[in-house]
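Here are some exercises to work through with the model open beside you. Try each task first, then follow the solution step by step.

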Amino acid sequence: MTKNTLATGLIWLAAILVSGVFFWLLSDILIHGLPHLSWSFLVEAPRNAGRSGGIGSIIVSTVLILAVAMVTAAPLSLATAVLLSEFTRYDSVFGRLVRSSLDVLAGVPSIVFGLFGNAFFCIYLDLGFSILSGGLTLACMVLPILIRTAEEGLQATPNDYRLAAAALGMSRSAALVHLLLTTATPALVAGLMLGIGRAVAETAALIFTSGYVDRMPDSLFDSGRALSVHIYDLSMNVAGGDTNAYSSALVLIILLLIINSIAMNLAKQWLHRSVVTV
Amino acid sequence: MSLFIKPKNEPVDKTLTAEAYTLGPLQAGPPCCNPEPLIRVDNLSLHYGKKPALENVSLDIYKGCITALIGPSGCGKTSFLSVLNRMTDMIPDCRVSGNVHFDSKDLRHPALDVQRLRRDIGMIFQKPVPFPLSIRRNIELPLREHGMSKQAELNDVVQHVLLDVGLWDEVKDRLESSALALSGGQQQRLCIARALALQPKVLLMDEPCSALDPISSGVVEDLIQRLRGKYTVVIVTHNLAQARRIANYAGFFWIKDQRAGCLIEFGQCKQIFEAPAHELTAAYVNGSRG
Amino acid sequence: MSLSRADRQLITLLRGCALLAAVIVLLILLFLVKESWPVLQHVALTRFVSDASWHPVDGLYKLTPMLSATLYSTLGAVFLAAPLGIASALFSRYYAPPFLAGCYRRLIELLAGIPSVVYGFWGLITLAPLIGRLHPPGVSLLAGILVLTLMILPTVALTADAALAAVPIAYLRGAAALGLSRWGLISGVALPAARSGIIAGIMLAAGRAIGETMAVLMVAGNVVQQPLGLFDSVRTLTSNIALEMAYATGEHRAALFVSGVALMSTVLVVVGTAELLSREPHHD
């Protein structure tokens, strides 16, 4: 057998193995999770430590935590991205400092974010185990992704617009608001979706910041349990929680699928737009 | 079918007649005689980092006239143009030295209000750059930025400038549609209308027809001719025939010793093309060099 | 620079925001050190390796079992994920028909987005019992390695794919014109040209494996013992923090923060090296 045929065989084998395992995983969750998935499952409160009932309060907590994270991170990252893309020379000291620190931030493991969130938001800022603490910790985590995608989106806008606007005597901020941001909007929203996807999948950072309580939160200062934490708790700490864990996992995956396809469609639309404007 | 596309067999010879083109309210003034200089450039030099782009260029731009800058690529003609409306400010590492006076004011003074300057000196780029907005908004946006806010006034200006450039009949029913849907020639005319809306004194044009097909190119060229008298136009062009057709004055640029661009000769258009003083100019205009 | 007043005000605001974003990393370092301080004051760093065992209640802070568990699980995962990931990239780029390649790539992208807790859950419910049938207890280093492999495989595959995409097509055409077979072309031209990108991807994946918490926590068994075999129950550094933070106080808590600092520095070194590799200029 020649090397070429051997290689071809092995590579096909690898691909089949990989897809096989993944289909096994996905179908497992689908088969066990779908039967218990229903509208009542989505809105009911968990009962009996989550063994029965639904995930209504969990979903509310998850949404609130995400909202806090995005409301905090989005403006901050847009501002930083605008500064880095429009008002800083690539080799300026300030620009390099900001970029390096963001690169480091992107590499910090999620459990370390959990430690930081606990020490800073829960204890130092005295927010305790709360949705606010969890959301703010997640905001720190998604900041690098949001900034990077926003910067790329802005860089991709045609430079001609900047020149033409300047030649018409328009200020940089006017050009930014009326032309660049509107052109880059699909890319910005796609980046936002990616950030949301990353945040929704996060568990370790939330365990010590937003808490474990599975009832409906009364306010942002209340503790809340996110969907990913719920799955963790059901599978590790609650005997017999597997069925609901399967369904919760299915909900989580479906949620991520929706978010990612929105992001991909927006990215395609953005690409299409910036190519068509010849 | 647009009124402004010439029938194909009409000869394109405009140098002999100064007759105003009367389509549209914009009418060209008579060819200037005894015009006064509006922009005086004295010993202008330009460097990008260490690389010199222009060396010791001195010329005058005369009011109400069309001045063509001719010469092969890379001679610094576009860089020269960028100095006149301070677009060189936007290029990092660009150093400009020398004097430029616009209307007796020092154009290169650091305290000059550059945004105001760019109302008086507008620029049209080689590739038409319509904003990704509606046709109306393309013209309104810079106007609003410069302080005009009443919708009635804005509507007036939009109609006026679109009539001037000959686009009004073509687009009056779709002012809210995207400017990106216009053809190349229409887009360039829109860009000119946009610049005219700010009531400039000078229009700088960097090869405005080179990215257009021949028919659109002809239409835009007609428009440029009609700007004579009311506006001062400085146009960079590779098309010698075009320069001959429309310009009153011409400046010939060349690269000196493979390094920086420089001005070889400047004078009345007729003189540059028919009786050039410098042998390089003669060689260039009759096609034996460049 | 010709800037209007509005522009100048905007820039000041933007600079403030950027500074805030940049400061977060410093804040993290600051608080990690601050929380580690109580234990660093009277426990020499060498004790984290030389103490008898990990019994924080009795003042014993030997982290070696956890460090070894992290090391072995990472190495095992990288050892499995690297060839599979590269093979996946080669498959979608050179072997699969276009439609299949697109599907496969989308599958990998989908899997990159699956949360670690779902991987861990599936590993706990399905994989661990299977391993347990081979050799109890099932929750083991092997389970950890397998789950980690699944998790970092998309990272390796996607970065390898990007690195291969960057190989100039002229190289491949030239090789094909010389009559090289498909594998010859790949092994002789494409892989060497994409090498630094692929290695950077593998290191990035390793960094991810080191920092992974939930999946490993759920399937590795969580017994604090030096891993001697694949079927031993182990506890990684990350799982240790996750499990004990809930009830740790005082010096114990500070010790966990110390392990957090160690974790962060290791990951940063690995990821930093990956960045340097991927920024290396292309050697022709």
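**Exercise 1. Find how many residues of chain C are in contact with chain A, and which helix gives the largest share.**

Step 1. Count the pairs whose C-beta atoms, placed from the backbone, lie within 7 Å, since that is what "in contact" means here. In this predicted model, 63 residues of chain C are in contact with 63 residues of chain A.

Step 2. Look for the main contributor on the chain C side. Helix α1 (residues 5-42) of chain C gives the largest share, 18 residues. Helices here are DSSP runs of H or I with at least four residues, strands are E runs of at least two, and both are numbered from the N terminus.

Step 3. Sort that side by class: 46 residues are nonpolar, 12 polar and 5 charged. (Ala, Val, Leu, Ile, Met, Phe, Trp, Tyr, Cys and Pro count as nonpolar; Asp, Glu, Lys and Arg as charged; the others, Gly among them, as polar.)

A word on bookkeeping: residues are numbered from 1 along each chain as its sequence is written, and chains are lettered from A and ligands numbered from 1 in the order in which they are written. The model being predicted, local features need pLDDT of at least 70 and side-chain atom pairs count only at pLDDT 80 or more, while totals for chains, interfaces and linings use all residues.

**Exercise 2. Describe the side of chain A that touches chain B.**

Step 1. Get the counts: 16 residues of chain A are in contact with 22 residues of chain B.

Step 2. Find the elements. Two or more residues each come from α7 (159-167) and α8 (172-200) of chain A, with α7(A) giving the largest share, 6 residues.

**Exercise 3. Work out how α6 (residues 131-155) of chain A packs on α8(A).**

Step 1. Take the geometry: the helices pack at an angle of about 150°, with axes 8 Å apart. (Axes are lines fitted to C-alpha atoms, for helices over the stretch in contact, and angles run from 0 to 180 degrees between N-to-C directions.)

Step 2. Name the arrangement. That angle makes α6(A) roughly antiparallel to α8(A); the cut-offs are under 35 degrees for roughly parallel, over 145 for roughly antiparallel, 65 to 115 for roughly perpendicular, and oblique for the rest.

Step 3. List some contact residues: α6(A) brings Leu138(A), Met141(A) and Ile145(A), among others, and α8(A) brings residues including Leu180(A), Ala184(A) and Arg198(A). By class, the contact has 15 nonpolar, 4 polar and 2 charged residues.

**Exercise 4. Do likewise for α7 (residues 169-177) and α8 (residues 182-193) of chain C.**

Step 1. Their axes come within 10 Å and cross at roughly 165°, so α7(C) and α8(C) are roughly antiparallel.

Step 2. Check who touches whom: Tyr171(C), Leu172(C), Ala175(C) and Ala176(C) of α7(C) meet Leu185(C), Gly188(C), Val189(C), Ala190(C) and Ala193(C) of α8(C). These residues divide into 8 nonpolar, 1 polar and no charged.

**Exercise 5. Which domains does chain C have, and how many residues join them?**

Step 1. The assignment, automatic or from a database, gives domain 1 (5-42) and domain 2 (54-279).

Step 2. Taken over C-alpha atoms, their centres are 30 Å apart.

Step 3. Across the boundary, 7 residues of domain 1 are in contact with 8 of domain 2. The domain 1 side has 5 nonpolar, 1 polar and 1 charged residue.

Key:
Two residues are in contact if their C-beta atoms, placed from the backbone, lie within 7 Å.
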